[in-house]
Amino acid sequence: MTSFDKHFIGVDIQSNRDCPYAVFNESLQLIDSGWIPSNISNSSFIAQLCSEYPHSYVGLDAPQLPLPCIREWYWRRGRW
């Protein structure tokens, strides 16, 4: 890994459970993934990832508000 390698970090921000993350290289190969530990803040952990993988692009999947009820439609096992 050179200091100019690009990385892509994706985090699925959740309020009611732990948050998964994934790190991909320029070729979109998965190089790291897991769950953000519950004993560290999401922002601190993401900052650590950015330090470990410089020149990173970070994408957060975070809802604006919690859903008021369970979705009636969702994708599961290849069907709606």
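This is a predicted model: local features need pLDDT of at least 70, side-chain atom pairs count only at pLDDT 80 or more; totals for chains, interfaces and linings use all residues.
View A. What does Trp80 form together with Trp73 and Trp75? The three tryptophans make up a nonpolar patch on the surface, and their accessible area together is about 520 Å².

**View B. Arg71 in the segment after strand 4.** Here we stay in the segment after strand 4, where Arg71 is also found. Is Arg71 buried or exposed? Arg71 is exposed, because its relative accessible area is 55%.

**View C. The largest nonpolar core.** Next comes the largest nonpolar core, which has 10 residues. Its members are Ile9, Val11, Cys19, Tyr21, Val23, Ile36, Phe45, Ile46, Leu49 and Tyr53. Which elements give two or more residues to this core? They are strand 1 (7–12), strand 2 (20–25) and helix 1 (42–52). Helix 1 provides the largest share, with 3 residues.

**View D. The surroundings of Val23.** Let us zoom in on one of the core residues, Val23. Setting aside neighbours within four places in sequence, which residues are in contact with Val23? The list includes His7, Phe8 and Ile9, and also Gln29, Leu30, Ile31 and Asp32. Leu49 and Tyr53 are in contact with Val23 as well, and both of them belong to the largest nonpolar core.

View E. Side chains of opposite charge can pair when their charged atoms come close. How many salt bridges does the count give here? The count comes to 1. Arg17 forms a salt bridge with Asp12, and the closest N and O atoms are 3.7 Å apart. With a relative accessible area of 43%, Arg17 is partly exposed. Asp12 is partly exposed too, with a relative accessible area of 22%.

**View F. Confidence along the chain.** A last view is for anyone planning to compute with this model. The protein chain has a mean pLDDT of 86, and 95% of its residues reach 70 or more. Where among the named elements does confidence stand out? Strand 3 (residues 30–35) has the highest value, at 96, while strand 4 has the lowest, at a mean of 92.

Definitions and conventions: Residues are numbered from 1 along each chain as its sequence is written. Side-chain values use heavy atoms; hydrogens and water are left out. Patches are made of residues with over 30% relative accessible area and no salt bridge: like charges are joined within 9 Å, nonpolar side chains (Val, Leu, Ile, Met, Phe, Trp, Tyr) within 5 Å. Accessible areas come from the Shrake-Rupley method with a 1.4 Å probe; for residues, only the protein chains shown count as cover. A salt bridge is a side-chain nitrogen of Lys or Arg within 4 Å of a carboxyl oxygen of Asp or Glu. A nonpolar core is a set of buried Ala, Val, Leu, Ile, Met, Phe, Trp, Tyr and Cys residues joined through side-chain atoms within 4.5 Å. Buried means under 20% relative accessible area, exposed over 50%, partly exposed in between (1.4 Å probe, protein chains only). Helices (H or I, at least four residues) and strands (E, at least two) are DSSP runs, numbered from the N terminus. Contact means heavy atoms within 4.5 Å. pLDDT is the predictor's confidence in each residue, from 0 to 100.
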